[in-house]
There are 2 protein chains.
Amino acid sequence: MTSSQDHNKVGSTPIVLSIDAMGGDLGPEAVVSGMSRSAKALPDIRFLVHGPEAKLSKLIERKKSLAGRCEIRDASGVVSMEDKPSHIMRHGQDTSMWAAIEAVRDKEATVAVSCGNTGALMALSMIRLRKLPGVNRPAIAILWPSRNPQGFNVMLDVGADVRADAQDLLQYALMGVSYARNGLDLERPRVGLLNVGTEEHKGKAELKEAHELIGRMADKAQFDFVGFVEGGDIPGEACDVIVTDGFTGNIALKTGEGTASLIGDRLKEAFAYSPLSRLASLLALTSLRRLKRKIDPRRVNGGVFLGLNGTVVKSHGSADETGVAAAIELAVQLAKSGFSERLAARLASITDIVTESDKTKKEDEESPK
Amino acid sequence: MTSSQDHNKVGSTPIVLSIDAMGGDLGPEAVVSGMSRSAKALPDIRFLVHGPEAKLSKLIERKKSLAGRCEIRDASGVVSMEDKPSHIMRHGQDTSMWAAIEAVRDKEATVAVSCGNTGALMALSMIRLRKLPGVNRPAIAILWPSRNPQGFNVMLDVGADVRADAQDLLQYALMGVSYARNGLDLERPRVGLLNVGTEEHKGKAELKEAHELIGRMADKAQFDFVGFVEGGDIPGEACDVIVTDGFTGNIALKTGEGTASLIGDRLKEAFAYSPLSRLASLLALTSLRRLKRKIDPRRVNGGVFLGLNGTVVKSHGSADETGVAAAIELAVQLAKSGFSERLAARLASITDIVTESDKTKKEDEESPK
């Protein structure tokens, strides 16, 4: 620790977030602005901020809302978007990303937030936080705007791992259910398994197997399984949790984001086209702002790493002030709900059930009646 | 042939389309309305229409624009969305879908159009039209609204087959290039291979292999290979042709469609919200209509089956009049450009190049210098 501003305690137990200030496309300026915006909205949060001290203290001093609520931890190294995860795992001890995760590992902060390189962040999270017992592949879950009453669906994995077998998909379902309960307040989330329709299909044997595994677990883990769903159901209302492998999930996520952004730009063009349409856009300003808030991808910014001892929120690399603030507010919500502990407890109880049922099955098989 | 209206020849060689009038969600009414709309716009097209004669002749008689331009072929069987492709392949001879494809096989029509069951349509197309020499897996290609000057990108496969190995992906690239040349008028299309970013990734060995194969073929087949692209590039401007397997492509397609449709609905809600926003929507009507035309998925309706002896256009099952007309107009464009023959010729010449280069390689290996 090289710098510490005075701790002006607000409330009884402030939530402490560990912020990697570096590695985003817009630099630490956007991160500190996002922190400032969140700090105004949420008086009971504090920050451990990781990055080059001289630079960060200047940026933070300019923001009144951050006065007395940040502790800067000097870190000279920065993980770039081009760095290979394997390199950072071996040589990244001096980076702000490493330090941000370490603070969660050491229980100094509840959740870490980073705009940096996803691959490196996942690799560091895996080796420093370690996987929860029973989890084979951690996953990245996001919230996606949907037609459901809660306004969002959970989709996972969106890119932690390009592969997933049937057991992994079952774990994604369980982790996604836990996230939907804590992040979207759904008591009994409905889970769908992403596929290409209900026709007979060769191949993709792991999906058929996962269908059976997830269906069998639904009652015990208190969720509803709606079976296979299609790409159109990701923003739809057929289910609340969409389970898929990280390759498919990542492509679906980026296709959806790209499509939304294209439509947004075309909408702007349409309203700039003629004097009449420019007048119209003035009249519709409030409605359009409301619309933008609903579908603005920056406002649902934040992939959550699931399946680790501790919570890490990955913000978009290109996040601006609004995006960073959204990621921080998601982190706060998860910290407040005790998400990390609840997920661990749930997975442990399910693992017990699975082990129990395996035992029973074995005993049944061993004792011929 | 059970019914034939008089052939009032317009122009020298009218383009004949084979239309499966049945199997769409909105019934033959939507199909005949779409035909009528296209017939008004394109005076040199004629239709072979397959389905129950009594019903179809009533619907067609009501449309002036179709007078003398349709020949109805009675077919009593209908392929439903629930029918298994394997069942239709064995027992579907009496269906309108079967007859629609048969007319292309018999060279009575240039292109077949159907709103029916995709799996059954692909299965029938495979067994009746047969694959082009050298093609292992046919693919379904679609046009996707994009930031490119031509307004659209080609993506394939969007669901003909859930699997694709490196050789299949190479063929998709070649077929996609041919489609982009004929459908989008691009002399030297840029091809991208869909992946999840440029980070190091385990697994997905077929993508690395396909990267090499496609890159090696670029110069000979006169296209540019931009390498790996991400989901965000499907509506983007990094390339013109996006190559992927049918599982990923189908999910990307449906995610994009679902997202666009959700945004469209939210936009309507925003404009209906207050008296002021309703006034604004009136003022912006022309601009909004222009926007809708640009991003309306119905206007880019039509997946083209590539790699067969003959062209089949698959319309969305839910296509209405606008959607059916878009699919028909795409079919006409492909018929006019002689797409089917050009694609076959190009694949044949490429196959020669591949065989030649394999031979040369072998000879090089066999003659140590």
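Two strands are taken to pair if DSSP finds at least two bridges between them. The legends below describe a predicted model.

**View 1. Strand E10 of chain A and its pairing with strand E5 of chain A.** Strand E5 (residues 139–145) of chain A pairs with E10(A) in the antiparallel sense, and three bridges link the two. Leu306(A) of E10(A) is the bridge partner of Ala139(A). Strand E10 of chain A covers residues 303–306. In a regular strand the side chains alternate between the two faces of the sheet. In E10(A), Gly303(A) and Phe305(A) point one way, whereas Val304(A) and Leu306(A) point the other way. All four of these residues are buried.

**View 2. The hairpin of E10(A) and E11(A).** Strand E11 (residues 311–314) of chain A runs antiparallel to E10(A), and three bridges join them. Phe305(A) stands opposite Val312(A) of E11(A). Four residues lie between the two strands of this hairpin. Gly307(A), in the turn, has a positive phi of about 100°.

**View 3. Helix H8 of chain A against helix H8 of chain B.** H8(A) and H8(B), each spanning residues 246–272, pack with their axes 8 Å apart and at an angle of about 35°. Their crossing is right-handed. On H8(A) the contact is made by Thr248(A), Ile251(A), Ala252(A), Thr255(A), Gly256(A), Thr259(A), Ala260(A) and Ile263(A). H8(B) contributes Thr248(B), Ile251(B), Ala252(B), Thr255(B), Gly256(B), Thr259(B), Ala260(B) and Ile263(B). By class, this helix contact holds eight nonpolar and eight polar residues, with no charged ones.

**View 4. The side of chain A that touches chain B.** The contact between the chains takes 55 residues from chain A and 55 residues from chain B. On chain A, H8, helix H9 (275–283) and helix H10 (285–295) each supply at least two residues of this side. H8(A) gives the largest share, 19 residues. Divided by class, the residues of the side of chain A that touches chain B are 25 nonpolar, 17 polar and 13 charged.

**View 5. The relation between chain A and chain B.** Chain A is superposed on chain B by a rotation of 180° with 0.0 Å of shift along its axis, at an RMSD of 0.0 Å. The two copies are therefore related as by a two-fold rotation axis. Both copies use the same surface, and 100% of the contact residues of chain A recur in chain B.

Terms used. Residues are numbered from 1 along each chain as its sequence is written. Chains are lettered from A and ligands numbered from 1 in the order in which they are written. This is a predicted model: local features need pLDDT of at least 70, side-chain atom pairs count only at pLDDT 80 or more; totals for chains, interfaces and linings use all residues. Axes are lines fitted to C-alpha atoms, for helices over the stretch in contact, and angles run from 0 to 180 degrees between N-to-C directions. A crossing is left-handed if the near helix is turned anticlockwise from the far one by less than a right angle, and right-handed if clockwise. Two residues are in contact if their C-beta atoms, placed from the backbone, lie within 7 Å. Ala, Val, Leu, Ile, Met, Phe, Trp, Tyr, Cys and Pro count as nonpolar, Asp, Glu, Lys and Arg as charged, and the others, Gly among them, as polar. Copies are superposed by least squares on the C-alpha atoms of residues with pLDDT of at least 70 in both. A residue is buried if 20 or more other C-beta atoms lie within 10 Å of its own, exposed if 12 or fewer, and partly exposed in between; C-beta atoms are placed from the backbone.
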